Amino acid sequence: MHPFLKHSLAGKVALVTGAGSGIGAATAKMLGFAGARVAALTRSADEAEATCEEIRRNGSEALPFVVDISYGAPLAKAVQAIDKAWGRLDIVVANAGINGLWAPIEDIEEEDWLEVTDINLKGTFLTVKHTVPLLKREGGSIVVVSSVNGNRMFSNTGASAYSTTKAGQVAFARMMALELAKHRIRVNTICPGSITTKIDDNTRQKNLKKIREPVIFPEGHIPLTDDKPGTPEQVAELIWFLSSGLATHISGAEVFIDGAESLLKG
């Protein structure tokens, strides 16, 4: 990691959802490397502890929490534990999410839709709702991890539930940026494109060929890197920047990190 990161967040406390793998794990580790004490929230106890163990090896404190963010009570309990352990909260990264079912609208059942909206949209709302009282004490930063889908790219036919939640996250974050500004809380959204993560493991696809429009893209779909996906660490660097003292006048922003992919495939 870049030496500039070291100690840049010393004394801060960060909460990261979906911290067991991918962007969440990379972010939790990077914020820990930068000196923050990190609360790692995920649905897997083993993954939460693995993330925390690596943070501790780099010299920062970390606490694992097994939390399903689609339920408010476990989130509230985790925030209470953070308050008891560290007495403050400065950074919240609302990252946890799933792709769910990608299918024609006729093949999406109500429970399929709710599975995605409960985690991606309701979960983001609950994460912010339950952390804001602690953030208000000193001010701080909230970063919502959205997506190019639903915001600058609409060619992934069948991803209607996922894209709706991702667009909703951006609108929600902008509302929060204004509402929380008087409490010195900044709220920004990042929109990753193709990133090497495990999110495809929770993607289900059904009958997509019958609704896909025939489109031929140039060879390779990520212009900046000759089709090589981004890394979780690159996204974590952006989250670190937005959470750091270098971004103290940035709030309500929507930042795309996709190597120009969405400009080509929008």
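This is a predicted model: local features need pLDDT of at least 70, side-chain atom pairs count only at pLDDT 80 or more; totals for chains, interfaces and linings use all residues.
Helix H1 covers residues 22-33, so to speak a 12-residue run, and spans 17 Å from its first C-alpha to its last, close to the 16 Å expected at 1.5 Å a residue. Most of H1 is tucked away from the surface, with 11 of its 12 residues buried. The buried set starts with Gly 22, Ile 23, Gly 24, Ala 25, Ala 26, Thr 27 and Ala 28, then carries on with Met 30, Leu 31, Gly 32 and Phe 33. As for what these buried residues pack against, the strands are S1 (13-17), S2 (37-42), S4 (91-94) and S7 (185-192). Helices H2 (45-57) and H6 (232-243) are also among the packing partners of the buried H1 residues. Just past the end of H1, Gly 35 takes a positive phi of about 110°.

Turning to the rings, the structure holds one aromatic pair. Trp 102 and Tyr 162 make up this pair, with 5.9 Å centre to centre and 40° between the planes, which puts it in the tilted class. Trp 102 belongs to strand S5 (residues 100-102) and Tyr 162 to helix H5 (residues 160-179), so the pair ties together parts that are 60 residues apart in sequence. Both Trp 102 and Tyr 162 are buried.

The charged end of Arg 152 sits over the ring of Phe 256, 3.9 Å from its centre.

Definitions and conventions:
Residues are numbered from 1 along each chain as its sequence is written. Side-chain values use heavy atoms; hydrogens and water are left out. Helices (H or I, at least four residues) and strands (E, at least two) are DSSP runs, numbered from the N terminus. The expected span of a helix is 1.5 Å times one less than its number of residues. Buried means under 20% relative accessible area, exposed over 50%, partly exposed in between (1.4 Å probe, protein chains only). Contact means heavy atoms within 4.5 Å. Rings of Phe, Tyr and Trp (its six-membered ring) pair if their centres lie within 6.5 Å; planes under 30 degrees apart count as stacked, over 60 as edge-to-face and the rest as tilted. A charge sits over a ring if NZ of Lys or CZ of Arg is within 6 Å of the ring centre and within 35 degrees of the ring normal.
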